[in-house]
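Hello,

Here is the structure I promised to pass on to you.

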Amino acid sequence: MSPHVSRRSVLLGAGALGAAAGIGATADLGLHAAQHRDASSAAMRIGYLPITDAAPLLVAHGSGLLDEHGTGAQRPVKFRSWASLAEAFLTRQVDVVHLLMPFAVQLRYAMGTACRVLAWNHTNGSALTVHRDIDRIEQLAGRKVAIPFWWSIHNIVLQRMLRAAGLTPVVRRQPSAEDGTVELVVMSPSDMVPALDNGSVGGFIVADPFNAIAEIKGVGRILRFVGDVWRDHACCVVLAHEDFLRAAPDRVQGLVDALALSQLGLARDRRAGARALTGGHYLPQPLKAVTKALNYPAAEYVERGALRHADWSGQRIGFQPFPFPGFTAELVASMRDTVVDGDTGFLTGIRPDEVHGQLVDDRFVRNSLNRFGGPGAFGLPDALLRSEEVNPA
């Protein structure tokens with residue numbers, strides 16, 4: 001498959017540009033521009049979606065940590081959808097993004113993009129929210145459920161949950177309650193709450209603060225936290241162009257140092273983090289919603305069944321930067337079983353246990369951990385190894 005076809009398919013699969021013919025050429029122009037750009041001195045450009053997943057990068061900028069560590073980063077640029085953010089990354093409009101981990105796998109292997117995951121931006125932080133008349137996942141049969149992107153942890157986990165409940169996810173097919181099918185549709189996170197309210201979808205699975213907003217407005221209720229299905233999973237990671245790492249390693253180290261310190265600060269004071277993100281700063285959502293999203297109380301959700309593994313703290317967005325190899329392998333294996341509206345052929349040629357070494361560059365985050373108290377300061381095991389715990393039932 002040619003690079004142009006691959007770029008076209010990934011962006012159209014995300015519901016991006018309608019004029020597909022120019023996408024490959026645009027990406028090539030972006031690459032040409034990057035080859036004539038001095039990454040060692042030019043301003044670092046960061047792209048993000050306005051969700052709580054981006055909190056560490058945003059707080060790192062707002063607190064001045066990015067400047068203090070010599071990154072030369074500009075104010076992060078806001079995008080409305082994963083497709084537009086990925087397009088900006090492909091065309092070299094931005095150097096660094098927080099991106100869905102499965103999407104990063106797709107960019108590397110389906111499109112041949114020379115990119116590297118530097119760190120996890122956060123863990124957990126997402127939920128399946130359903131219409132107020134739904135009490136059980138089985139009631140989603142015959143309905144549509146919105147996801148933020150095909151290659152997202154949200155789609156992967158949702159499908160595991162649906163199958164565990166005896167339901168079948170389908171794409172571009174009218175869902176049937178009798179057949180137990182659920183149609184999946186990609187939707188921008190900002191459109192999900194209105195769609196749930198007007199009945200266009202029976203539920204959505206997405207990052208916060210949209211789950212919190214739906215509950216505050218009385219539009220829907222959180223049925224299950226994603227972190228209660230896959231313990232401490234990574235949703236969004238920090239992704240950079242590989243040539244940027246080679247050209248400016250000191251600035252990249254400064255970026256990861258600032259990110260790690262920001263994560264420590266957010267873990268210590270979540271309410272202060274919510275204030276730093278809202279009020280016209282980075283996130284357009286109200287302070288009440290962002291505060292709720294960063295501080296869900298466990299007891300309430302245990303009582304209503306949204307938390308079935310209370311000791312996992314799956315309702316709580318976490319701020320741990322280290323990318324575990326076992327998670328990458330389990331993620332890629334899960335991608336093979338995930339239904340998407342697009343090409344999945346790239347997955348047949350890769351081995352899950354080899355992806356981590358090819359996609360992730362963890363030398364910067366290891367340095368940061370050593371500089372700021374070691375793994376224990378971040379709630380991580382000293383050996384930086386773990387076994388994945390996944391239970392969709």
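**Around strand β11**

In β11, H98 has V238 as its bridge partner. This is a predicted model, in which local features need pLDDT of at least 70 and side-chain atom pairs count only at pLDDT 80 or more, while totals for chains, interfaces and linings use all residues. Residues are numbered from 1 along each chain as its sequence is written, and side-chain values use heavy atoms, with hydrogens and water left out.

Strand β3 (residues 96-100) runs antiparallel to β11, joined by five bridges. Strand β4 (residues 115-120) is also antiparallel to β11, again through five bridges, and here R116 stands opposite A240. Strands are DSSP runs of E with at least two residues, helices are runs of H or I with at least four, and both are numbered from the N terminus; two strands pair if DSSP finds at least two bridges between them.

Strand β11 itself (residues 236-241) is mostly covered, with six of its six residues buried (under 20% relative accessible area, with a 1.4 Å probe and protein chains only). On one side these are C236, V238 and A240, and on the other V237, L239 and H241. In a regular strand, side chains alternate between the two faces of the sheet.

**The six-stranded sheet**

Another part to look at is an open sheet of six strands with mixed pairing, in the order β7-β8-β6-β9-β5-β10. Its edge strands, each pairing on one side only, are β7 (168-170) and β10. From one strand to the next the twist averages 30°. Within the sheet, β6 (residues 144-147) and β8 (residues 181-186) pair in the parallel sense over four bridges, and V145 has L184 in β8 as its bridge partner.

Helix α7 packs on this sheet, touching β5 (126-131), β6, β7, β8, β9 (203-207) and β10, and its direction makes about 175° with that of β8. Contact means heavy atoms within 4.5 Å; axes are lines fitted to C-alpha atoms, for helices over the stretch in contact, and angles run from 0 to 180 degrees between N-to-C directions. Helix α8 (residues 189-197) lies across β5, β6, β9 and β10, running at about 155° to β9.

Best wishes

Key: Buried means under 20% relative accessible area, exposed over 50%, partly exposed in between (1.4 Å probe, protein chains only).
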